[in-house]
Amino acid sequence: MFIDLVDALRCPRPHDATWLVAAALETRGRCLVRGTLGCPVCEAEFAIAGGVALFDGAGDAPRAADATSPAGDPAELAMRLAALLDLTTPGGIVAVGGAWEPALDPLLDVTDLHALVVEPVGQWVPREPFGAMRGDGLPVAAGALRGVALDARTASADRVAAAVRALRPRGRLVAPAATPVPDGVRELARDERHWVGERGAGVISETIPLRRRR
């Protein structure tokens, strides 16, 4: 988990949104390889193992590739992802389903950004400026992401709804063609594989308590 991404993560438990506190047991450069993420509100702890943050419901076993998910030459996949998410300017954070991960390294040749991989396929390799997570939903701060691209294994209804909350206004959401377009997202285009939509420009609000509850 790239340390700079920790600030964007939130506790997935049902209480007021709060940041997570990282405790490192093993690092590699600016990546957390082993450690924990702790919630100052509910005192829940979430392990980081092999550079992957394990949230509620997560195991640490790598998942297999899905034949219905994006595949192909990584450079071509990177160009497709950049076009779908409108990554024409540098900066910001994107979240991608695990099958999009091969696009990330060549994507850095096109633009500068941070990326969170949801349910990585196979063995995750911790490296800057990327992070990875397993578990339900998408525990990221409201409005923290400039784009989200989900694959067939990560486009559940709950995760799509969480992706909408995590997107900034005008942020792009990409999902498999069979996934219903959620409320708050305007469909821009689709083909036989994916649709791409844009989050509305409504106000995003996230209140984080300054002190831990007693």
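## An enclosed cavity

In this predicted model, the count comes to one cavity of 30 Å³ or more, where a cavity is a set of points, on a 1 Å grid over the protein atoms alone, at which a 1.4 Å probe fits but cannot get out. The largest cavity has a volume of about 40 Å³, a volume being the space filled by probe spheres set on the points, with grid points joined across faces, edges and corners.

Its lining, made up of residues with an atom within 4 Å of a point, consists of Leu-5, Ala-8, Leu-9, Ile-93, Leu-116, Val-140 and Leu-145. These divide into seven nonpolar, no polar and no charged residues, on a scheme in which Ala, Val, Leu, Ile, Met, Phe, Trp, Tyr, Cys and Pro count as nonpolar, Asp, Glu, Lys and Arg as charged, and the others, Gly among them, as polar.

## Basis of the values

Residues are numbered from 1 along each chain as its sequence is written. The model is predicted, so that local features need pLDDT of at least 70 and side-chain atom pairs count only at pLDDT 80 or more, while totals for chains, interfaces and linings use all residues, and side-chain values use heavy atoms, with hydrogens and water left out.

Arg-127 sits in the loop between β6 (114-118) and β7 (130-134), strands being DSSP runs (E, at least two residues) numbered from the N terminus. Arg-127 is buried, with a relative accessible area of 18%, because buried means under 20%, exposed over 50% and partly exposed in between (1.4 Å probe, protein chains only).

The side chain of Arg-127 makes a polar contact with that of Glu-101 at 3.3 Å; such a contact is a pair of N or O atoms within 3.5 Å, of which, within protein, one must be able to donate a hydrogen and the other to accept it, and residues adjacent in sequence count only if both atoms are side-chain atoms. A polar atom of the Arg-127 side chain also lies 2.8 Å from the backbone oxygen of Val-125. Not counting residues up to four places away in sequence, Arg-127 touches Cys-31, Glu-101 and Asp-105, contact meaning heavy atoms within 4.5 Å.

## Cysteines

Cys-31 is buried, with a relative accessible area of 2%, and Cys-39 is buried as well, at 4%. The count comes to zero disulfides, a disulfide being a pair of cysteine sulfur atoms within 2.5 Å. The sulfur of Cys-39 is 3.6 Å from the closest cysteine sulfur, in Cys-42, and therefore too far for a bond.

## Asp-4

Asp-4, in the segment before β1 (21-28), is partly exposed, with a relative accessible area of 33%. The Asp-4 side chain makes a polar contact with the side chain of Arg-30 at 2.2 Å.

Notes: 1 Å grid on protein atoms, 1.4 Å probe; cavity = no way out; pocket = protein on both sides within 12 Å on 5 of 7 lines; lining within 4 Å. Helix = DSSP H or I, 4+ residues; strand = E, 2+ residues; numbered from the N terminus.
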